[in-house]
Amino acid sequence: MPVTLVHADAAEQRRLAALRDYGVLDTAPESDFDDIAVLAAQLCRTPIALVSLVDADRQWFKARVGLQLCETAREDSFCAHAMYAVDVMQVPDARIDPRFQANPLVTGEPNIVFYAGAPLVTSTGEVLGSLCVIDHEPRLLTPAECQGLRTLARHVIAQLELRQYARGVDAANERLREADKVRDEFVSRVTHELRTPLTSINGYLEMLADDDVEPAAGIDFLRRIRRNSDRLMALVDDMLLAAQAGQDQLRLTKRRLDLAELSRAAVVRNQVLAAGRGLEIRADAPEPVLVEADEIRLVQVIERLVLNAVKFTPRGRITVGATVRGDQVELTVRDTGVGIDPGDRERVLAPFRRSAYAERAEVQGAGLGLSIVKAIVDGHGGSMRIESEPGRGAAIIVSLPGVSGVI
C-alpha cells in the first residue's frame with residue numbers, strides 16, 4: 001500500500017521546515033556524505049546505499065552508491081516508512097511484503113528485494129529521512145551491522161548540523177571585526193577535533209566489513225565506534241550551544257535552586273572520571289545556597305568547569321564549592337593543576353581560543369567550554385573570574401545574584 005500523506009498536518013509541516021532549514025536539498029554531491037554511504041554499503045555488504053531525505057512529495061538522495069536515480073516519488077519510498085521506525089527497519093523480501101510487493105521500485109528498477117533503513121533524527125527530534133542499504137537478494141542484517149548503520153546515521157545528522165552551525169557562524173562573523181580570524185580558528189580547531197574520531201571510526205568500520213572478523217572483536221569495534229561517535233556528537237552539541245549563545249538566543253527557565261545541592265551532585269557524577277585520572281574530587285558546600293536560575297544551564301556550567309579541571313589537573317584534587325557572599329552567591333571550582341598564564345585568562349573565555357599550554361600539550365578540545373560557561377553566566381546576570389598561578393592550579397569563580405528564603 002502506498003504511504004498516506006497528510007501534508008496539512010502540523011507535525012509534518014514542522015518536519016519539512018526543519019529539513020529545508022538545513023539547506024541541503026538539491027545541493028551538489030559532497031565527499032563527507034558520499035563517504036558515509038560507501039561505508040554503509042561496505043559494512044552491510046550491499047550493492048546499494050543511500051542517504052535519503054524525504055521531502056513533501058519526493059525522496060531525494062544526498063548521497064548514493066550503486067544507484068543512478070537522484071530522487072523518487074515519496075509514495076514509492078521505503079524511507080518514508082523507515083524514518084518513523086524506532087530502530088533499523090528491515091524488509092527481508094519486499095516481493096512478499098504486502099506494503100511493498102506492488103511498488104514500482106520492487107517490480108522494476110532498481111528491483112529492491114532487501115531493504116534496511118536507519119532513521120535520520122535531528123537533535124530536536126525531527127526526522128529527515130533515513131540512511132538505507134538495499135540488496136537484490138532476500139536477507140537480514142546482523143546485530144553488529146544494525147548498530148553500525150545506526151552509528152553512521154548519527155554521523156549524517158552530525159554533518160548536517162555542522163553545516164547549519166557553520167552558516168550561523170558565517171552570518172555572525174559579518175558583524176564582527178575579527179571575523180576572518182575567528183572563522184580560521186574555528187575551521188582549524190573543528191577539523192582537528194573531527195579528524196581523529198572520524199579516522200578511528202572509518203578504520204573500525206573497514207575492519208567490521210571484513211568477513212573474517214570475530215564476533216567478540218566486532219563487539220569491541222562497535223564499542224570504540226560508539227565512544228568516538230559520542231565524542232563527535234558532544235562537539236556538535238557544544239557548537240550549537242555556542243552558536244545560540246553568540247546570537248543571544250539562550251532561553252532560560254528560571255526557578256529557585258540550591259547551588260550547594262547541585263555542586264554535591266556534580267561531584268558524585270564525576271567521581272569515577274576523577275578516580276580514573278588518579279584525582280580526588282570533593283564538594284565544599286555544606287549549607288544551602290539559593291539562586292534563581294535555569295537548572296539545565298546551571299548544571300551545564302558546573303559540569304563544564306569540573307571537566308575542564310579534570311582535563312588540566314594531572315595530579316592532586318578538585319574542589320567544587322558553593323557559598324553566599326552578601327547579595328551574591330559564588331560557585332568555585334578549584335584544582336591543583338597546571339594553572340593558567342595571566343595573558344591567557346581573557347583569551348580562554350572567547351570561543352575557539354585556548355591557553356598556550358593546551359596548544360603545546362595538544363590537549364583534546366575545541367576551545368568552547370569556558371566560552372559557553374561565560375555565555376550562560378552572562379545570561380543570568382552574573383560574572384566569572386579566574387584566579388590562577390602557572391603550575392599552582394586554578395580557581396574559576398562564578399558569581400550570581402542570590403535570593404533569600406527557602407526552596
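Me: What does E295 count as, going by its relative accessibility?
Reply: The scale runs from buried (under 20% relative accessible area) through partly exposed to exposed (over 50%), using a 1.4 Å probe and protein chains only. E295 has 31% relative accessibility, so it counts as partly exposed. Note that this is a predicted model, in which local features need pLDDT of at least 70, side-chain atom pairs count only at pLDDT 80 or more, and totals for chains, interfaces and linings use all residues. Residues are numbered from 1 along each chain as its sequence is written, and side-chain values use heavy atoms, with hydrogens and water left out.

Me: Which side chain meets E295 in a salt bridge?
Reply: A salt bridge is a side-chain nitrogen of Lys or Arg within 4 Å of a carboxyl oxygen of Asp or Glu. The partner of E295 is R255, at 2.4 Å from N to O. This pair links distant parts of the chain, with R255 in strand β7 (residues 254-258) and E295 in helix α10, 40 residues apart. R255 has a relative accessible area of 45%, which means that R255 is partly exposed. Elsewhere, salt bridges with shared partners join R20, D26, D55, R58 and E71 into one network.

Me: How many salt bridges does the whole structure have?
Reply: The search finds 23. One of them pairs E30 with R163, the closest N and O atoms being 3.0 Å apart. That pair also links distant parts of the chain: E30 is in the loop between α1 and α2, and R163 is in helix α5 (residues 143-173), 133 residues away. E30 is partly exposed at 24% relative accessibility, and R163 is partly exposed at 22%. R139 and E145 form another salt bridge, at 3.6 Å between the closest N and O atoms; both residues are buried.

Me: How does the span of α10 compare with the one expected?
Reply: Helices (H or I, at least four residues) and strands (E, at least two) are DSSP runs numbered from the N terminus. The expected span of a helix is 1.5 Å times one less than its number of residues. Helix α10 covers residues 295-311, 17 residues, and reaches 24 Å from first to last C-alpha, close to the 24 Å expected. Its buried residues include L298, V301, I302, L305 and V306, but also R297, E303 and R304.

Me: Which residue caps the N-terminal end of α10?
Reply: Look for a polar contact: a pair of N or O atoms within 3.5 Å, where within protein one must be able to donate a hydrogen and the other to accept it, and residues adjacent in sequence count only if both atoms are side-chain atoms. The cap is D294, with a side-chain oxygen 3.0 Å from the backbone nitrogen of I296.

Me: Which strands does β13 join through bridges?
Reply: Two strands pair if DSSP finds at least two bridges between them. Strand β13 (residues 394-401) is antiparallel to β11 (residues 328-335), with 7 bridges, and antiparallel to β12 (residues 383-388), with 6. Q328 has P401 as its bridge partner, and I386 stands opposite I396. β12 and β13 form a hairpin with 5 residues between them, and G391 in the turn has a positive phi of about 80°. In β13, 7 of 8 residues are buried.

Me: What is the nearest side chain of opposite charge to D335?
Reply: For charge, Lys and Arg count as positive and Asp and Glu as negative, while His and the chain ends are not counted. D335, in strand β11, is buried and has no salt bridge; R334 is the nearest opposite charge, 8.7 Å away. The side chain of D335 does reach the backbone nitrogen of G337, at 2.9 Å. Contact means heavy atoms within 4.5 Å. Beyond its neighbours within four places in sequence, D335 is in contact with residues including A309, T313, R317 and A394.

Me: Where is there a cis peptide bond?
Reply: Most residues other than glycine have a negative phi, and most peptide bonds are trans. Here a cis bond joins E109 and P110, with omega about 5°. P110 lies in the loop between α4 and β5 (114-121). N111, in the loop between α4 and β5, has a positive phi of about 60°.
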